[in-house]
Amino acid sequence: MYAIIEIGAKQYSVKMDDIIDVNKQDIKEGKELKIDKVLLVSKDKKIEIGQPYLKDAKVSAEVLDQIKGEKTISFKYRRRKSSDWTKGHREKLTRIKIKDISIGS
């Protein structure tokens, strides 16, 4: 069984016990996160697709940690101008573990 969920502006394909990093969520470590923006659920050979979301599908996850992502470097250089700059950026992320995918009431 797997599901496609939306958190923030990104979509993730998840299964039971998957650990994924998503955009920062304001939830403490160890707390449960309920995700109701479920786009698709596949169970055995049966696939249910929402338009855009499934009404009675829910995914519950446990917040494991608040972390920072990898550092990305951007560099700009202009030829013959003695002009260049370098900037670094680290995204704040929340690491979650998928506990349950449920469909129906």
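Trainee: K34 and E32, are they buried or exposed?

Mentor: Both K34 and E32 are exposed, and please keep in mind from the start that we are looking at a predicted model.

Trainee: What links K34 with E32?

Mentor: The two form a salt bridge, in which the closest N and O atoms lie 3.2 Å apart. As a general point, side chains of opposite charge can pair when their charged atoms come close.

Trainee: How many salt bridges does a search of the whole structure find?

Mentor: Searching the whole structure gives four salt bridges, and the one between K34 and E32 is among them. Another joins the side chains of K46 and E48, with a distance of 3.4 Å from N to O.

Trainee: And K46, is it exposed or buried?

Mentor: K46 is exposed, because its relative accessible area is 55% and the word is used for values over 50%.

Trainee: Which residue forms a salt bridge with E62?

Mentor: That is K99, and the closest N and O atoms of this pair are 3.4 Å apart. The pair links distant parts of the chain, since E62 belongs to strand β7 while K99 belongs to strand β10, which covers residues 92–103, and 37 residues separate them.

Trainee: How exposed are E62 and K99?

Mentor: E62 is partly exposed, with a relative accessible area of 25%, and K99 is likewise partly exposed, with a value of 38%.

Trainee: Let me stay on strand β7 for a moment. Where is S60, and what does it contact?

Mentor: S60 has its place in strand β7. Once the neighbours within four places in sequence are left aside, S60 is in contact with E32, L33, K34, K97, I98, K99 and D100.

Trainee: Why is S60 called buried?

Mentor: S60 is called buried because its relative accessible area is 10%, and buried means under 20%.

Trainee: What about the other serine, S42, where is that one found?

Mentor: S42 is found in strand β5, which takes in residues 38–43. At 7% relative accessibility, S42 counts as buried too. Leaving aside neighbours within four places in sequence, its contacts are M1, Y2 and I47.

Trainee: Which residues does E70 touch?

Mentor: Not counting residues up to four places away in sequence, E70 touches H89 and R90, and R90 is one of the residues of the positive patch. E70 lies in the loop between β7, which spans 57–68, and β8, which spans 72–78, and at 73% relative accessibility E70 counts as exposed.

Trainee: How far apart are the C-alpha atoms of E70 and H89?

Mentor: Those C-alpha atoms are separated by 8.3 Å, although E70 and H89 are 19 residues apart along the chain.

Trainee: Now the backbone. Which residues does a cis peptide bond join?

Mentor: A cis peptide bond joins Q51 and P52, with omega at about 0°, and P52 is found in the loop between β6 and β7.

Trainee: And what is the phi of D44?

Mentor: D44 has a positive phi of about 55°, although D44 is not a glycine. D44 is found in the loop between β5 and β6, and D44 is exposed, with a relative accessible area of 72%.

Trainee: Where is S82, and what is its phi?

Mentor: S82 is found in the loop between β8 and β9, the latter being residues 83–89. S82 has a positive phi of about 55° without being a glycine, and S82 is exposed, with a relative accessible area of 80%.

Terms used
Residues numbered from 1 in each chain as written. Predicted model: local features only at pLDDT ≥ 70, side-chain atom pairs only at ≥ 80, totals over all residues. Heavy atoms only, no water. Helix = DSSP H or I, 4+ residues; strand = E, 2+ residues; numbered from the N terminus. Buried < 20%, exposed > 50% of the residue type's maximum accessible area, 1.4 Å probe, protein only. Contact = heavy atoms within 4.5 Å. Patch = residues over 30% accessible without salt bridge, like charges linked within 9 Å, V, L, I, M, F, W, Y side chains within 5 Å. Areas by Shrake-Rupley, 256 points an atom, 1.4 Å probe, with all protein chains shown as cover. Lys, Arg positive; Asp, Glu negative; His and termini not counted. Charge placed at Lys NZ, Arg CZ, Asp CG, Glu CD.
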